[in-house]
Amino acid sequence: MVPGVILAGGASSRMGSPKALLADDLGQPFVVRLVRAMAEAGLHDVVVVTGYEHDSIVAALAAHVTSPVQVVRNDDPARGQVSSLWTAMDEVCRPETEAIAVMLVDVPLVAPATIRTVVDAWRSSRAPIVRPAVGPRRGHPVVFDRAVFAELRQAPLDIGARAVVRAHARDILDVPVADTGCLKDIDTPRDYETYVRRDG
C-alpha cells in the first residue's frame, strides 16, 4: 500500500497568494491537478495536508475533485514543511503502509506517468528512497519506504526530510524520466508568470 501525500500547508509568502489555488493551463487549482495526477497514476489513498489556507483548499477540492481524497490540517505549519509531513504520516502510516509518495504543491506539473514510474520502481527495488531524475536534476514525487519512516519522524525541523535523504544518499534510486514537469518549482510570482506565458 502506497498512499499519496500532497504537502500544501505553507504560507506561500514568496508567492503572495496561496500556491495550492493558482490555476493551471486548464483553469484547475494546482492542488486539484496534483490530486487528479495521483489518482490517474493509481494512488487511490491520497491525503492533502493544509495549513494556512485550509478552508479555501477544502472548498477547491470539493468543487473539482470526485475521487476520494483526505484533507488534514497541520495546526502549526510555521514549524516547517516536515511538520506537514508528520501530519500526513499520522493519517496514512498504518501497519499495512509500505511506503509513501510525497509531492509538494509547489511542483504541480508532474505527469501521472512519472508518478506511476517512480512508484513502480520502488515496488521492484524496495529502495529506501526513490525519486525521478531528468539528467542530473532530481524531482518529485519522492517515495519513502517504511524503512525510513522512523527517521522521517525524527528529522530536525530546520532541515526536514533532506536530512533523511542525505543519510541514505548511497542507497537512493534515481529513476530516469523525460518529464521536466517533475522539476518545475513554482514558488514566486515570476515563476508563475513564466509558466502562464509558456502555456497560455
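Mentor: Helices (H or I, at least four residues) and strands (E, at least two) are DSSP runs, numbered from the N terminus. This is a predicted model, where local features need pLDDT of at least 70 and side-chain atom pairs count only at pLDDT 80 or more, while totals for chains, interfaces and linings use all residues. Residues are numbered from 1 along each chain as its sequence is written, and side-chain values use heavy atoms, with hydrogens and water left out.

Trainee: OK, where does D145 sit?
Mentor: D145 is in strand β7, which covers residues 142-145.

Trainee: Buried or exposed?
Mentor: D145 is buried, at a relative accessible area of 9%. Buried means under 20% relative accessible area, exposed over 50%, and partly exposed in between, using a 1.4 Å probe and protein chains only.

Trainee: And what does the D145 side chain make a polar contact with?
Mentor: The side chain of W122, at 2.9 Å. The D145 side chain also reaches the backbone nitrogen of A147 at 2.8 Å. A polar contact is a pair of N or O atoms within 3.5 Å; within protein, one must be able to donate a hydrogen and the other to accept it, and residues adjacent in sequence count only if both atoms are side-chain atoms.

Trainee: Switching to the largest nonpolar core, how many residues does it have?
Mentor: It has 67 residues, and those with the most contacts inside it are I6, I100, F144 and L152. The largest share, seven residues, comes from helix α1, residues 30-40. A nonpolar core here is a set of buried Ala, Val, Leu, Ile, Met, Phe, Trp, Tyr and Cys residues joined through side-chain atoms within 4.5 Å.

Trainee: What about aromatic pairs, how many?
Mentor: Three. Rings of Phe, Tyr and Trp (its six-membered ring) pair if their centres lie within 6.5 Å; planes under 30 degrees apart count as stacked, over 60 as edge-to-face and the rest as tilted. F30 and Y195 have ring centres 6.1 Å apart and planes at 70 degrees, so that pair is edge-to-face. It links distant parts of the chain, with F30 in helix α1 and Y195 in helix α7 (residues 189-199), 165 residues apart.

Trainee: Why is the Y192 and Y195 pair tilted?
Mentor: Their planes are at 40 degrees, with the ring centres 6.2 Å apart, so the pair is tilted. Y192 and Y195 both lie in helix α7, three residues apart, about one turn of the helix. Ring pairs link F30, Y192 and Y195 into a cluster.
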